[in-house]
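Q: I would like a close look at one part of this model, and then at the helices beyond it. Please keep it brisk.

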Amino acid sequence: MTKLIVICGATATGKSGLALSLGQRLGSVILSADSRQVYREFDIGTAKPTFAEQKLIPHYLIDVCQPTETMTVADYQEQTQSLINSLSVSPLLLVGGTGLYIRSIVKGMKIPRVSPQPELRSQLESLGQHQLYPMLQQVDPIAAQKIHPNDLVRTLRALEVYYVTGSAMSEQQGENPPNYPILQIYLDCEPDILDIRIRKRTGQMIADGLVTEVKDLCQKYGYELPLLNTLGYQEIKQYLLGDISLPEAQELIVLHTRQFAKRQRTWFRQTPKLEYFNVNSSDIMEQVWQRIEEFMTES
């Protein structure tokens, strides 16, 4: 039977390095659960495993989309579930910090298959959130209870699903958990130590050529490419436009990464059945390995 081992945690906690060592030891493969590593050409700023690292062990769900395309959670879930069903390797390693990607697999989330409708969204958005939220309360009160009255993005999505399918999004959602065993390993790190790791990694990204990467992407796809407004890329883009200096851009990346890590920690704290391991433990590899050995012998 297929078994799945999830390696998750906030950014800069060492998920990729641990997974690489575990994968080699297990003779396994890595399924990425990172919402930006799916895009080609976005390498340094996403901390994507290097070509050399990807040669050490097979990696999947990396570089599967063009930067101009959109990988939805439903797309990710479909591709990942297909890989899990087709790969003859066990255990498989699902590795990353995108909580929604991981939840879509571990919980078997039922996700409405409705592609973005730009024209419909534009029409709805022109009404303003003060009108949209009452509309949502009327057509899908269950979804409205779970969405903050000021959350325009989720309100638009719920209304979009309703007007495209004719039924409430809440009626199309739910869970269908997989029947294979899952072990969820969470890499924990004290905030002050994580700050040091974030600062070090940001400096390494700059040294590795992040500025050149962003410059090339801007020239190729234009400054308005949505992915260039994400963490690490937006700040360097500001530098390239002359709005801030490079040291200022670097400090902003550190600040925004710290804020992002805090949101990730909050998300994972609300996730059940995670087994916590402190990344600063000198024997973390052996701790995790011992737990995996126990997991592999469980029926």
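Thr2 lies in the segment before which strand?

A: Thr2 sits in the segment that precedes strand 1 (4-9). Helices (H or I, at least four residues) and strands (E, at least two) are DSSP runs, numbered from the N terminus. The model is predicted: local features need pLDDT of at least 70, side-chain atom pairs count only at pLDDT 80 or more, and totals for chains, interfaces and linings use all residues. Residues are numbered from 1 along each chain as its sequence is written, and side-chain values use heavy atoms, with hydrogens and water left out.

Thr2 and Asn179 are 177 residues apart along the chain, yet their C-alpha atoms are separated by 9.3 Å. Leaving out residues up to four places away in sequence, Thr2 touches Ile84, Ser90, Leu92, Tyr180 and Pro181. Contact means heavy atoms within 4.5 Å.

Buried means under 20% relative accessible area, exposed over 50%, partly exposed in between (1.4 Å probe, protein chains only). Helix 3 has 14 residues and spans 20 Å from first C-alpha to last, close to the 20 Å expected at 1.5 Å a residue. The expected span is 1.5 Å times one less than the number of residues.

Helix 1 (residues 15-26) has 12 residues and reaches 16 Å, close to the 16 Å expected. Its buried residues are Lys15, Leu18, Ala19, Leu20, Leu22 and Gly23. Gly27 follows helix 1, with a positive phi near 65 degrees.

Now a helix pair. Helix 6 (residues 129-139) and helix 8 (residues 152-165) pack at about 45 degrees, with axes 10 Å apart. That angle makes helix 6 oblique to helix 8. Angles under 35 degrees count as roughly parallel, over 145 as roughly antiparallel, 65 to 115 as roughly perpendicular and the rest as oblique. Axes are lines fitted to C-alpha atoms, for helices over the stretch in contact, and angles run from 0 to 180 degrees between N-to-C directions. From helix 6, Gln129, Leu132, Tyr133, Met135, Leu136 and Val139 meet Leu152, Thr155, Leu156, Ala158, Leu159, Tyr162 and Tyr163 of helix 8. The residues of this contact divide into 11 nonpolar, two polar and no charged. Ala, Val, Leu, Ile, Met, Phe, Trp, Tyr, Cys and Pro count as nonpolar, Asp, Glu, Lys and Arg as charged, and the others, Gly among them, as polar.
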